[in-house]
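Biologist: Can you take me through this one? I would like to start with the surface.

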Amino acid sequence: MAPKADNTEGIVLNFVNEQNRPLNVQNAADALQKFNLKKAAVQKALDNLCDSGKISFKEYGKQKIYLARQDQFDIPDTEELNRMKEENANLQEKLNEQKKAISEVEAEMKSLQSNLTLEEIHAKESKLRKEVDEMEKKLIKLREGVTLVSLEERKAIEGLYSEALNQWRRRKRMFRDVWDAITENSPKNPKEFKEELGVEYDEDVGVNFQSFADLIQHGKKRR
């Protein structure tokens, strides 16, 4: 049920005074929907309030802009404004302190939530003890001279390693051939051209192909 006319005008007047800013009828109608007021009723109340001098209005074309009467408000003097500014600054500082305190509490809560529970600690301890036991068993076997890698596994690994070395050697040769063909007829200095393109040889990054190839021979001698 919609409010009575007098009550409607009171609601609209209170709203305009509380907002204390330029409003059109749509602004007011949207905000006052919670009072079950229709746009037509709000429009009528605004016009009545203007006619009675309780609010003022300005016309911009076909649209009316309604404003609260400014003579009803106490306008602070310079001293009061400065006091209000200082109070506002103090409140802002307190607000920032509160925000900082809240952030610290939230960070502490996250830290506590990320910590392991007693049950999780026991489970992790059990897992680590099991891993340590397995490592100790392997260590004992190594000390006793027991071979932990079978001959078949070793051959398979060496085969993969040899294939990787062959690919490495083949690609080095392919790059060298292409690079020599490009730089042979290029007016640019090969070294400067290499730096310009960001090309790096194995030697530039401290990698020695032969040292990797020697590992195969070293492994064969150990057997």
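**Charges and salt bridges**

Modeller: Arginine 169 is partly exposed, at 35% relative accessibility (buried is under 20% relative accessible area, exposed over 50%, partly exposed in between, with a 1.4 Å probe and protein chains only). This is a predicted model, where local features need pLDDT of at least 70 and side-chain atom pairs count only at pLDDT 80 or more, while totals for chains, interfaces and linings use all residues. Residues are numbered from 1 along each chain as its sequence is written, and side-chain values use heavy atoms, with hydrogens and water left out.

Biologist: Which helix does arginine 169 lie in?

Modeller: Helix α6, residues 151–184 (helices are DSSP runs of H or I, at least four residues, and strands are runs of E, at least two, numbered from the N terminus).

Biologist: And which residues gather in the patch of positive charge?

Modeller: Arg169, Arg170, Arg171 and Arg173 form that patch on the surface. Patches are made of residues with over 30% relative accessible area and no salt bridge, and like charges are joined within 9 Å. Lys and Arg count as positive, and the place of a charge on Arg is taken as CZ.

Biologist: OK, salt bridges. How many does the count come to?

Modeller: The count is 5 salt bridges (a side-chain nitrogen of Lys or Arg within 4 Å of a carboxyl oxygen of Asp or Glu).

Biologist: What does arginine 83 form a salt bridge with?

Modeller: Glutamate 87, with the closest N and O atoms 3.0 Å apart. Arginine 83 is partly exposed at 42% relative accessibility, and glutamate 87 is partly exposed at 40%.

Biologist: What about glutamate 125?

Modeller: Glutamate 125 pairs with arginine 129, the closest N and O atoms being 3.2 Å apart. They are 4 residues apart in helix α5 (residues 118–143), so about one helical turn separates them. Glutamate 125 is partly exposed at 36%, whereas arginine 129 is exposed at 54%.

Biologist: And how far apart are the closest N and O atoms of arginine 69 and aspartate 71?

Modeller: 2.6 Å, in another salt bridge. Arginine 69 is partly exposed at 31%, while aspartate 71 is exposed at 57%.

Biologist: New topic. Which residues does the UniProt domain annotation cover?

Modeller: Residues 7–68, under "domain: Homologous-pairing protein 2 winged helix" in an unreviewed UniProt entry. Such annotations may be inferred rather than shown by experiment. Over residues 7–68 the chain is 53% helix and 19% strand, with the end C-alpha atoms 18 Å apart.

Notes:
Patches are made of residues with over 30% relative accessible area and no salt bridge: like charges are joined within 9 Å, nonpolar side chains (Val, Leu, Ile, Met, Phe, Trp, Tyr) within 5 Å. Accessible areas come from the Shrake-Rupley method with a 1.4 Å probe; for residues, only the protein chains shown count as cover.
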